[in-house]
Amino acid sequence: PDVRGYYNGYYTNTWESVKAAAETNRPVTEMLRQVMDYQTIVFQPDYSEWPAMPLDHLSPLRRCALELSIPTMCDLHEGDAASATTNLCAMLALVRGMQEERTFLSQHTRQFVASVAAEGTWELLQSTNVTDGELVLLQRSWEQVEYIKAAEKTFQVERACLESTIRKMRASGAEVNRVVGLYSFTNRSGSEASGNWLQDFKHAWRGTKRARAKILWRSSWSYSDELLALQADQIILETMRNIETNQVFNPADTNMLNQLQALGITNDPDAWFLKPYKRFFRQMFSEDVNVSSHTVAWTMAPEACRRVDITAIALKRFQLKHGRFPKTLSELTPEFLSKVPLDPVDGRPLRYRLDADGRFTLYSVGENGKDDGGDPTLGKGVKTTFFYWQNPDALDWVWPQPATEEEIQNYYAHPPE
C-alpha cells in the first residue's frame with residue numbers, strides 16, 4: 001500500500017508522491033535510456049593528476065542510477081514490466097559503458113550502479129506479467145557486464161600512475177606537499193601562533209620532524225619504498241590474472257595475503273593512519289598497498305551478484321515455460337544458460353535446491369568461503385543495519401525469496417522502529 005525503505009532510518013512514501021517524482025523526472029529518464037545505444041561512455045579523466053585527479057562525473061552517475069530506479073518502481077507497481085526492463089537495461093548500460101575507466105573510484109561507482117540494478121532485477125522477477133523476451137534482454141545486459149578484467153587493467157594504470165608520481169615527488173618538494181598534504185610549522189587554526197608557548201613549540205617540533213622526513217624520503221627512503229610497493233603490486237596483479245584465468249577468488253586471495261605478509265605488508269586498511277612520521281615516510285606507498293589488496297574482495301562480491309542475477313533470471317524463464325522451477329541448475333542448459341554458473345568465491349557451481357513449497361534456494365557461499373547450507377543470517381555476535389542480501393557478515397549470500405503472507409502480516413503488526 002505504500003513505499004518503504006531504509007536510509008539512515010526507516011522511511012515511508014505514498015505511491016502518489018513517488019509517481020509525481022517519476023513524472024517530473026521523465027525527461028531525464030528518457031535521456032538516460034539513450035545510453036543503451038553506446039558501448040562506451042568517455043569522460044576522459046586526466047590521469048596525469050593522479051592521485052588527485054578530478055572525477056566530478058562519478059557522483060552524477062550514481063544519481064543517474066537512483067533516478068532510473070524511481071520510474072522502475074512505478075512501472076512495476078502499475079504492471080508495466082516492459083518499461084521497467086528498459087530502465088534496468090539502461091542502468092546496466094551505464095555499468096558497461098564505464099568499463100574502460102581506470103580508477104578504483106570509477107570501478108566502485110560501476111558496482112554501486114549495478115547494485116541498484118540488482119535490486120530492480122529482483123523486483124522485476126516478482127512481476128506476474130513479465131515476458132521471456134523482456135527477461136532475455138535483461139539477462140543479456142547482465143552477461144555483458146565485466147568486472148575482473150576491468151579491475152586488472154585498473155590496477156595496471158594505478159601502478160603506472162604511482163611510479164610517475166614517485167618520480168615527480170623525488171624531483172620536487174612541492175609535489176610531496178601536494179600528495180601527502182604537508183604544511184609549514186603553523187598551528188592547526190592558521191599561520192599565527194596560539195599564544196601557548198608549549199603548544200607552539202610542540203607543533204613546530206612536529207613540523208621539523210615532518211620536514212626532515214620529507215628530505216630523507218626524497219633522497220633515500222623513496223627507493224626502498226618504491227621497490228617494496230612494486231613488489232607488492234606485482235603480487236596483486238598476478239592474483240587478478242590468476243582469478244581471470246581460473247574464475248575463483250578465495251584461494252587466490254588467501255595466497256596473495258600470505259605473499260604480502262611475507263613482504264611485511266600488513267592487511268589493516270587503516271594502518272597508515274596510525275604510523276609515526278618516520279614510519280609513514282619510510283613506507284608511504286608500500287604500506288598503502290594493503291588498501292589496494294582489498295580490490296580482490298571488492299571485485300568478488302559484485303561478480304557473485306552478477307552470476308546469481310543471471311541464474312535467477314534463467315530460473316524465471318524456465319518457470320514461465322514449464323510452470324515450475326527446475327530440480328537442478330543443469331536443467332537450465334543449454335536453452336536458458338550456456339553452462340551452469342560457478343560461484344566465484346570457491347569455483348564450485350552456485351548452490352541451488354528446489355524447496356518443498358515449490359520455491360527455491362539459490363546462493364553463493366559468501367565472503368567467508370564456507371558453505372553454510374544457504375543460511376543468510378549474520379555471524380555470531382554481529383549487529384548491523386545493512387540488510388542487503390550480500391552483507392559481508394552474512395554466512396551465505398542467499399538470493400531473497402518473496403515474504404510469505406504470514407511474514408507480511410507480522411511485518412505490519414510489528415514494524416521496525
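**Helix α3 and its partners**

Tutor: The buried residues of α3 pack against α1 (15–24), α2 (26–33), α4 (81–97) and α5 (104–125). Helices are DSSP runs (H or I, at least four residues), numbered from the N terminus. Buried means under 20% relative accessible area, with a 1.4 Å probe and protein chains only. This is a predicted model: local features need pLDDT of at least 70, side-chain atom pairs count only at pLDDT 80 or more, and totals for chains, interfaces and linings use all residues. Residues are numbered from 1 along each chain as its sequence is written, and side-chain values use heavy atoms, leaving out hydrogens and water.

Student: Which residues of α3 are buried?

Tutor: Among them are L58, L61, C64, A65 and L68.

Student: At what angle do α3 and α5 pack?

Tutor: At about 5°, with their axes 10 Å apart. Axes are lines fitted to C-alpha atoms, for helices over the stretch in contact, and angles run from 0 to 180 degrees between N-to-C directions. So α3 is roughly parallel to α5, a term for angles under 35 degrees.

Student: Which residues meet there?

Tutor: From α3, they include L58, R62 and L76. From α5, they include L105, F112 and E123. Contact means heavy atoms within 4.5 Å.

Student: New topic. What does the chain average in pLDDT?

Tutor: It averages 86, and 87% of the residues score at least 70. pLDDT is the predictor's confidence in each residue, from 0 to 100.

Student: Where does it stay under 50?

Tutor: Over residues 182–191, and over residues 269–278. Where pLDDT is low, the predicted coordinates should not be read in detail.

Methods:
Buried < 20%, exposed > 50% of the residue type's maximum accessible area, 1.4 Å probe, protein only. Helix = DSSP H or I, 4+ residues; strand = E, 2+ residues; numbered from the N terminus. Parallel < 35°, antiparallel > 145°, perpendicular 65-115°, else oblique.
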